[in-house]
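Please examine the sequence and the three-dimensional model shown below. The explanation that accompanies them is meant to be read alongside the structure.

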Amino acid sequence: MDVSREHARIRRDARHGTFFIVDLSTLGTTVNGVRLPRGYEDADGTKRENGIETPLTTGSRIGLADTIYLDFDILRR
């Protein structure tokens, strides 16, 4: 399997209730078939996040290394 332990991270902005995804992998993450920009820079073997996040909406399909696919839904209470 080509999915790492921390392949991507989903973050919720509590103030606005919106969700974002960050690609932290070497093999890539997609949302609705579109490859996400890498969310980190590799400097001298050290990963440093670069702040690039992609918004997620309900119904988004997340692909991890073109191996595992997740359907993302936002449940409102």
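Predicted model: local features only at pLDDT ≥ 70, side-chain atom pairs only at ≥ 80, totals over all residues.

Residues are numbered from 1 along each chain as its sequence is written, and side-chain values use heavy atoms, with hydrogens and water left out.

An open sheet is formed by 3 strands in the order S1-S2-S7, with antiparallel pairing. S1 and S7 are the edge strands, each pairing on one side only. On average, neighbouring strands of this sheet are turned by 35° against each other, direction ignored. Strands, like helices, are DSSP runs numbered from the N terminus (E, at least two residues, for strands; H or I, at least four, for helices). Two strands pair if DSSP finds at least two bridges between them. The angles are taken between axes, which are lines fitted to C-alpha atoms (for helices over the stretch in contact), and run from 0 to 180 degrees between N-to-C directions.

Strand S1 (residues 8-13) and S2 run antiparallel and are joined by 6 bridges. Within this pairing, Arg11 stands opposite Phe20 of S2. The hairpin of S1 and S2 has 4 residues between the strands, and Gly17 there takes a positive phi near 75°. On the pairing with strand S7 (residues 54-56), S2 is again antiparallel, with 3 bridges. Phe19 has Leu56 of S7 as its bridge partner, and Ile21 stands opposite Thr54 of S7.

How much of strand S2 is buried? Of the 6 residues of S2 (residues 18-23), 5 are buried, and the strand is mostly covered. Here buried means under 20% relative accessible area, exposed means over 50%, and partly exposed lies in between (1.4 Å probe, protein chains only). In a regular strand the side chains alternate between the two faces of the sheet.

Thr54 lies in strand S7, and it counts as buried because its relative accessibility is 18%. Leaving aside neighbours within four places in sequence, Thr54 is in contact with Phe19, Phe20, Ile21, Leu36 and Pro37; contact means heavy atoms within 4.5 Å.

Asp13 is found in strand S1. Not counting residues up to four places away in sequence, Asp13 touches Thr18 and Phe20. Asp13 is buried yet has no salt bridge, and the nearest side chain of opposite charge, that of Arg11, is 4.3 Å away. For charge, Lys and Arg count as positive and Asp and Glu as negative, whereas His and the chain ends are not counted. A salt bridge is a side-chain nitrogen of Lys or Arg within 4 Å of a carboxyl oxygen of Asp or Glu. The side chain of Asp13 does reach the backbone nitrogen of Arg15, at 3.0 Å. A polar contact is a pair of N or O atoms within 3.5 Å; within protein, one must be able to donate a hydrogen and the other to accept it, and residues adjacent in sequence count only if both atoms are side-chain atoms.

How many salt bridges does a search of the whole structure find? The search finds 4. Glu6, Arg9 and Glu49 are linked in a network of salt bridges. Within it, the side chains of Glu6 and Arg9 meet at 3.6 Å, N to O, and the closest N and O atoms of Arg9 and Glu49 are 2.7 Å apart. Arg9 lies in strand S1 and Glu49 in strand S6 (residues 46-49), so this pair ties together parts that are 40 residues apart in sequence. Glu6 counts as partly exposed at 47% relative accessibility, as does Arg9 at 30%, and Glu49 is partly exposed with a relative accessible area of 47%.

Another salt bridge joins Asp71 and Arg61, whose closest N and O atoms are 2.8 Å apart. This pair links distant parts of the chain, with Asp71 in strand S9 (residues 68-72) and Arg61 in strand S8 (residues 60-64), 10 residues apart. Asp71 is exposed at 55% relative accessible area, whereas Arg61 is partly exposed at 38%.

Finally, Ser4 lies in the segment before S1 and is partly exposed, with a relative accessible area of 37%. A polar atom of the Ser4 side chain lies 3.4 Å from the backbone nitrogen of His7. The C-alpha atoms of Ser4 and Phe19 are separated by 21 Å, and the two residues are 15 residues apart along the chain.
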